[in-house]
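Here are my notes on this model, as promised. Have a look at the sequence and the structure first, then read on.

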Amino acid sequence: MEITTPLGEPIIEWIIFGCFAIATLFSIIHFFRKFKLSKIKASIPVLIQLVTMLMILFIPFTNIVMNMDFRQNYEQRLEVVSLIESGKLNDTDDNGLITLPKKYHHLSRGGEVLIARTDSDIEILFYTFRGVLDRFSGFLYTTKNMDLESRDDLKQIQNIKDHWYWISSY
């Protein structure tokens, strides 16, 4: 089971936001109470809160983590792609999902990849997020470079490398 679920994550985010808001309030109160005694010491908690807020707003943490994930697991994902293309990994269920062997389980949330085949093309989706009903995101491998912009079910599409895309759905 994943550390957080799509249902539990918003609760955790609100708790963290609440703690941050309370800490900000206390740092502002501290600032006004101690400003006359020492301007620098009184300003430190407020400055820490301000720097933290600016970092949260302007540093793209999700992109950094996804880029690291892609680079660190690229070779193993290529191994999975070649196993699927060669037919060595093909225990697909009715929904097009393939359960990955234990060695590759960490490459996709839930240890499964989604396969879509056409006549000569194949799409393999390695999940990074799986929602409750239909929301998802992940790394999509395609046998040919495709124009995914026309797909209505995708919210974000970013070409990472030849044949590799970062996608997110509604």
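Which residues does Asp121 touch, not counting those up to four places away in sequence? I'll take that one first and then work through the rest.

1. Asp121 and its partners. Keep in mind that this is a predicted model. Asp121 touches Ala116, Thr143 and Lys144, once residues up to four places away in sequence are set aside. You'll find Asp121 in the loop between β2 (112–117) and β3 (122–130). With Thr143 there is also a polar contact: the two side chains are joined at 3.5 Å.

2. The overall layout. The chain has 3 helices and 6 strands. Reading from the N terminus, the order is α-α-α-β-β-β-β-β-β. So much for the inventory; the next point is about shape.

3. Overall dimensions. The C-alpha trace spans about 75 × 30 × 30 Å along its principal axes. The radius of gyration is 22 Å, while a compact globule of 170 residues would come out near 15 Å.

4. Burial and surface. Of the 170 residues in the chain, 29% are buried. The accessible surface is about 11900 Å², and carbon and sulfur atoms account for 61% of that. As for contacts with a separation of 6 or more, 35% of them are between residues 24 or more positions apart.

5. Charges. There are 18 positive and 20 negative side chains in the chain. The centres of those two sets are 18 Å apart.

6. Phe20, on the helical side of things. Phe20 is in helix α1 (residues 9–34). Apart from residues up to four places away in sequence, Phe20 touches Gln49, Thr52 and Met53.

7. Is Asn73 buried or exposed? Asn73 counts as buried, because its relative accessibility is 12% and the cut-off for buried is under 20%. Asn73 sits in helix α3 (residues 61–86). If you leave aside neighbours within four places in sequence, Asn73 is in contact with His106 and Leu107.

8. Asn159, over in the strands. This residue belongs to strand β5. Asn159 counts as partly exposed because its relative accessibility is 46%, which falls between the 20% and 50% cut-offs. The side chain of Asn159 reaches the backbone nitrogen of Lys161 at 3.2 Å. Beyond residues up to four places away in sequence, Asn159 touches Trp164 and Tyr165. Phe139 is 20 residues away from Asn159 along the chain, and the C-alpha atoms of the pair are separated by 9.7 Å.

9. His163, a backbone angle to check. What is phi of His163 near? The value is near 75°, which is positive in a residue other than glycine. Most residues other than glycine have a negative phi. His163 is found in the loop between β5 (154–161) and β6 (164–169). At a relative accessible area of 25%, His163 is partly exposed.

10. Ile167 is in strand β6. Ile167 counts as buried because its relative accessibility is 3%, against a cut-off of under 20%.

11. Tyr170, to finish. Tyr170 lies in the segment after β6. Which residues is Tyr170 in contact with, leaving aside its neighbours within four places in sequence? They are Asp134, Arg135, Asp152, Asp153, Leu154 and Lys155. Tyr141 is 29 residues from Tyr170 along the chain, and the C-alpha atoms of these two are separated by 19 Å.

Note on methods. Residues numbered from 1 in each chain as written. Predicted model: local features only at pLDDT ≥ 70, side-chain atom pairs only at ≥ 80, totals over all residues. Heavy atoms only, no water. Helix = DSSP H or I, 4+ residues; strand = E, 2+ residues; numbered from the N terminus. Rg over C-alpha atoms; globule rule 2.2 N^0.38 Å. Buried < 20%, exposed > 50% of the residue type's maximum accessible area, 1.4 Å probe, protein only. Contact = heavy atoms within 4.5 Å. Areas by Shrake-Rupley, 256 points an atom, 1.4 Å probe, with all protein chains shown as cover. Lys, Arg positive; Asp, Glu negative; His and termini not counted. Charge placed at Lys NZ, Arg CZ, Asp CG, Glu CD. Polar contact = N/O pair within 3.5 Å; in protein donor to acceptor, adjacent residues only side chain to side chain.
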